[in-house]
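Q: I would like to learn how to read a protein structure feature by feature. Could you take me through this one, giving the general idea before each case?

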Amino acid sequence: MAAKVVVKKSGLHGRGLFAACDLEAGVKLIEYKGVRYGEGEMPDLVDEGHTRFLRLSDGTGIDGTGWAALANHACEPNCELAEEGGSRPLRAWLYTLRPVRKGEELVWDYRLQVPCRSEAYAAWACACGRDACRGTMADPDLFEEVAAAPSRE
C-alpha cells in the first residue's frame, strides 16, 4: 500500500504532514498515537512551542509522539481528528474533510481548551494565514463559558 502522507518542512511551523498523493474527502489517513494519560491527567505542556496533547471525549488523553502529531493547525482545515467509535481505549484518526491535492499540507483545527481569551491570543497565537484566521489555536466557543462562569474569588 502506498503511503498517503509524508513529513516535510512546513511553512506554518517546523515539520508538517503533506499529502503524498491526491486524496478524496473522507480518507482515513493516520492514527494519532503517543503516550496515554488517564482521565483528568495531563503531561507538562511546555515543549518549545509544540502542541501535541489530544484530550479525548472520555477525559483521557494522548501526548502525540507519532507522525499524526506533526499535523499543524489551521483555522480553515482540510482534515479533522475523529475518534474511532467503540474502541477501548479510544483511538483517534486524521481524516480528510475535502479533496486534497498531492503536496498540500494536511492541517486540522486544534480548538484548544484555553481558560481565558488573553491567554489564548498571547500563548496560543495562530499563524495559519488563512482568510478566516481567528488569531488563536484555541476554541473561541469556550471563552463565553469561562466568562459566564461564577468567580471563585
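Q: Which residues does Cys126 touch, not counting residues up to four places away in sequence?

A: Contact means heavy atoms within 4.5 Å. Leaving out the residues up to four places away in sequence, Cys126 touches His73, Cys75, Cys133, Gly135, Thr136 and Met137. Before going on, please note that this is a predicted model, in which local features need pLDDT of at least 70 and side-chain atom pairs count only at pLDDT 80 or more, while totals for chains, interfaces and linings use all residues. Residues are numbered from 1 along each chain as its sequence is written, and side-chain values use heavy atoms, with hydrogens and water left out.

Q: Where is the place of Cys126 in the chain, and is Cys126 buried or exposed?

A: Helices (H or I, at least four residues) and strands (E, at least two) are DSSP runs, numbered from the N terminus. Cys126 lies in the loop between H1 and H2. Buried means under 20% relative accessible area, exposed means over 50%, and partly exposed lies in between (1.4 Å probe, protein chains only). Cys126, at 14% relative accessibility, therefore counts as buried. Cys126 and Leu12 are 114 residues apart in sequence, and their C-alpha atoms are 9.3 Å apart in space.

Q: How confident is the predictor in the protein chain?

A: The predictor's confidence in each residue is called pLDDT, and it runs from 0 to 100. For the protein chain the mean pLDDT is 82, and 85% of its residues reach 70 or more. Over residues 146–153, however, the pLDDT is below 50, and this stretch has 1 contact in the model beyond near neighbours in sequence.

Q: In what order do E3, E8 and E9 form a sheet?

A: Two strands pair if DSSP finds at least two bridges between them. Here 3 strands form an open sheet in the order E3-E9-E8, with antiparallel pairing. Strand E3 (28–31) and strand E8 (79–83) stand at the edges and have a single partner strand each, so one side of each is left without a neighbour in the sheet. Neighbouring strands of this sheet are turned by 30 degrees against each other on average, direction ignored; for such angles, the axes are lines fitted to C-alpha atoms, for helices over the stretch in contact, and angles run from 0 to 180 degrees between N-to-C directions. E3 is joined to strand E9 (residues 92–96) by 3 bridges, and Lys28 stands opposite Tyr95 in E9.

Q: Which strands are the edge strands, E4 and E5, paired with on one side only, and in what order does their sheet run?

A: Another set of 3 strands forms an open sheet in the order E4-E6-E5, again with antiparallel pairing. Strand E4 (34–37) and strand E5 (53–55) are its edge strands, each pairing on one side only, and the twist averages 20 degrees from one strand to the next. Between E4 and strand E6 (residues 61–64) there are 4 bridges, and the bridge partner of Val35 in E6 is Asp63.

Q: Which residues have the most contacts inside the largest nonpolar core?

A: In soluble globular proteins, nonpolar side chains tend to be buried together. A nonpolar core is a set of buried Ala, Val, Leu, Ile, Met, Phe, Trp, Tyr and Cys residues joined through side-chain atoms within 4.5 Å. The largest one here has 35 residues, and those with the most contacts inside it are Leu17, Leu29, Tyr32, Leu94, Leu106 and Trp108. Strand E2 (15–19), E3, E8, E9 and strand E10 (105–108) are the elements that give two or more residues to this core, and E10 gives the most, with 3 residues. Leaving aside neighbours within four places in sequence, Leu94 is in contact with residues including Leu17, Leu29, Leu81 and Trp108.

Q: How many salt bridges does the structure hold?

A: A salt bridge is a side-chain nitrogen of Lys or Arg within 4 Å of a carboxyl oxygen of Asp or Glu. The structure holds 7 salt bridges. One of them joins Glu31 to Arg91, with the closest N and O atoms 2.8 Å apart; Glu31 is in strand E3 and Arg91 in the loop between E8 and E9, 60 residues apart. Glu31 is buried, with a relative accessible area of 13%, whereas Arg91 is partly exposed at 30%. Asp109 and Arg134 also meet in a salt bridge (2.5 Å, N to O), and both are buried. Salt bridges that share partners join Lys28, Glu31, Glu84 and Arg91 into one network.
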